[in-house]
Amino acid sequence: MQTGGPEGNARLTALTGAALLVLLAVEGVTLLSLRTMLSWHIFVGLLVVPVVALKLGSTGYKIYRYYTRRGDYVEAGPPQLLLRLLGPVVALSTVALLTTGIVLIVEKPGGGPGLLLHKASFAVWTAALGAHVLAHLRRLPRALRSDLSGRAEVAGSRGRLLLVAGAVVIGAIAAVALLPLGAAWVHWLQLEH
């Protein structure tokens with residue numbers, strides 16, 4: 001299977017990032033009224049987990065190939081210094097945010113430091129992700145154009161689209177299956193307010 005090398009990897013990362021931007025915008029809307037949209041907040045939070053895993057995987061693959069000195073990845077060069085420094089903060093805060101969210105669903109309301117950790121990781125994640133998105137936003141349309149228009153300029157276009165669609169579908173299935181675990185939070189929040 002042809003993947004398109006570093007450019008194909010960059011396009012997979014961009015396509016996954018674009019899907020995440022849409023999903024995270026929906027998640028952001030739920031924050032406007034958690035009391036009325038907590039079920040949606042939990043659903044979308046669970047849905048993004050496989051999409052985030054795909055994004056971390058594509059980025060991690062690029063890093064691995066670059067630092068193991070694969071010629072085409074070395075020739076493509078490293079990310080800008082700011083992005084290299086910001087990357088671990090984005091990755092770790094994302095994992096912390098999603099992990100604490102899942103722990104909260106399993107833990108149920110009223111116990112442990114889970115909610116505080118979720119809020120703290122959200123604060124770090126928001127700042128780091130904001131800088132990350134701003135750094136990449138200008139190049140996003142060009143990176144997406146070929147794969148989304150059907151004019152595959154780089155090998156592996158169909159595979160990239162299927163990977164992102166598959167991650168969204170897996171996330172949706174997992175969210176539907178696990179959403180009942182969040183019922184205690186929905187009930188608790190309604191009682192509290």
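One cut-off before we start: an angle over 145 degrees between axes counts as roughly antiparallel. And keep in mind that what you're looking at is a predicted model.

So, how do helix 2 and helix 4 run relative to each other, parallel or antiparallel? Helix 2 covers residues 34-67, helix 4 covers residues 81-107, and their axes cross at roughly 150 degrees. That is over 145, so the two helices are roughly antiparallel. Their axes come within 11 Å, and the crossing is left-handed.

Who makes the contact? On the helix 2 side you'll find, among others, Ile-42, Gly-45, Leu-46 and Tyr-67. Helix 4 brings residues including Arg-84, Thr-94, Leu-98 and Ile-105. Sorted by class, that contact has 12 nonpolar, 2 polar and 1 charged residues.

Now over to Thr-30, which sits in helix 1, residues 5-30. Thr-30 has 2% relative accessibility, so it counts as buried. Leaving aside residues up to four places away in sequence, Thr-30 touches Met-37, Trp-40 and His-41.

In one, Arg-11 meets Glu-7 at 2.9 Å, N to O. These two are 4 residues apart in helix 1, which means about one helical turn separates them. Arg-11 is buried at 5% relative accessibility, while Glu-7 is partly exposed at 30%.

Asp-72 and Arg-70 also form a salt bridge, with their closest N and O atoms 2.9 Å apart. Here Asp-72 is partly exposed at 29%, and Arg-70 is partly exposed at 32%.

Note on methods. Residues numbered from 1 in each chain as written. Predicted model: local features only at pLDDT ≥ 70, side-chain atom pairs only at ≥ 80, totals over all residues. Heavy atoms only, no water. Axes fitted to C-alpha atoms, helices over the stretch in contact; angles between N-to-C directions. Parallel < 35°, antiparallel > 145°, perpendicular 65-115°, else oblique. Left-handed = near helix turned anticlockwise from the far one by under 90°. Contact = heavy atoms within 4.5 Å. Nonpolar A, V, L, I, M, F, W, Y, C, P; charged D, E, K, R; others polar. Buried < 20%, exposed > 50% of the residue type's maximum accessible area, 1.4 Å probe, protein only. Salt bridge = Lys/Arg side-chain N within 4 Å of Asp/Glu carboxyl O.
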